[in-house]
Amino acid sequence: MATCRHLPIGICSWSLTTDLADVIETVNSMGLDHVHLDLSPAVEKGAAATDYLKTADSNDWTISATMIGFPQEDYTSLETIKATGGIMPDEHWPSNRERALRALDMTAELGAPYLTTHAGFLDHENETLSENFYDRISELADAALDRDLFILMETGQESAADLRQCLEDINHPALGVNFDPANMILYNKGNPIEAVDILAPWIKHVHIKDATQTETPGTWGTEVPWGDGQAGHPHLITALESILYSGTLAIEREAGDARKDDIQLAIQRLSQL
């Protein structure tokens, strides 16, 4: 098992733009035994979902968490994802609600503890939007609690302080955070090292991803291999240790033409800490 100090190192399955068989081969060849599993293929395949879940469940690994995205999401720009992201678009809420509930059922079937998602943009200045967000994420958290699971909101779209306010306001026992330090850089939403302390009580799962900040306000930052950016390596691990984090470090690589090499580099750099 690959570890960083005492923490298990894993991989996000969607980092490999291939099929589940290649994910399994990569995990095994790199000496990993933890995976953050994308459930989108299972949800979207319909009848083939059973085969996907059976393959995932039969492999000798630990599913540290599952993940679900939403079909309407448009990541072309910061403005398009703000308008289309997560559970917020009203016209898509009925179908996205059912999608999330199916994903929770699958997560429970696989025996994983968490379902992670980009829930959408918080807007505390707009009372209607804020109430809709609170109502919808609370409904999904209720469903998670019924299944003895957590639903984890991924960091990035808002500041750590805004996300903490949301979590404190809702105060739900099945709602937590999937901490992605690079997203805070990509969205220009603050210092990820400081965010660890702000969000400490809710951090259940962590992505290992790195980025550099944009020089053009209103545009994306740039994702880079772990250790080449501003996401805090190795200080992020020290910060996580300081809050007694004991979960998985799941490597996520969503850019570049050499993702396997970049994942291997991240494993090497984490293992050497």
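**Cavities and pockets**

Four nonpolar, two polar and two charged residues make up the lining of the second largest cavity. Here Ala, Val, Leu, Ile, Met, Phe, Trp, Tyr, Cys and Pro count as nonpolar, Asp, Glu, Lys and Arg as charged, and the others, Gly among them, as polar. On a 1 Å grid over the protein atoms alone, a cavity is a set of points where a 1.4 Å probe fits but cannot get out, a pocket is an open set with protein on both sides within 12 Å along at least five of seven lines, and lining residues have an atom within 4 Å of a point.

This is a predicted model, with local features needing pLDDT of at least 70 and side-chain atom pairs pLDDT 80 or more, while totals for linings use all residues. Numbering runs from 1 along each chain as its sequence is written.

Cavities
- The whole structure has two cavities of 30 Å³ or more, a volume being the space filled by probe spheres set on grid points joined across faces, edges and corners.

- The largest pocket has a volume of about 460 Å³; of its 23 lining residues, Trp14, Tyr75, His118, Glu252 and Glu254 are closest to the centre.
- The second largest pocket is about 340 Å³, and Lys82, Phe121, Gln157, Tyr187 and Lys189 lie nearest its centre.

Conventions:
Heavy atoms only, no water.
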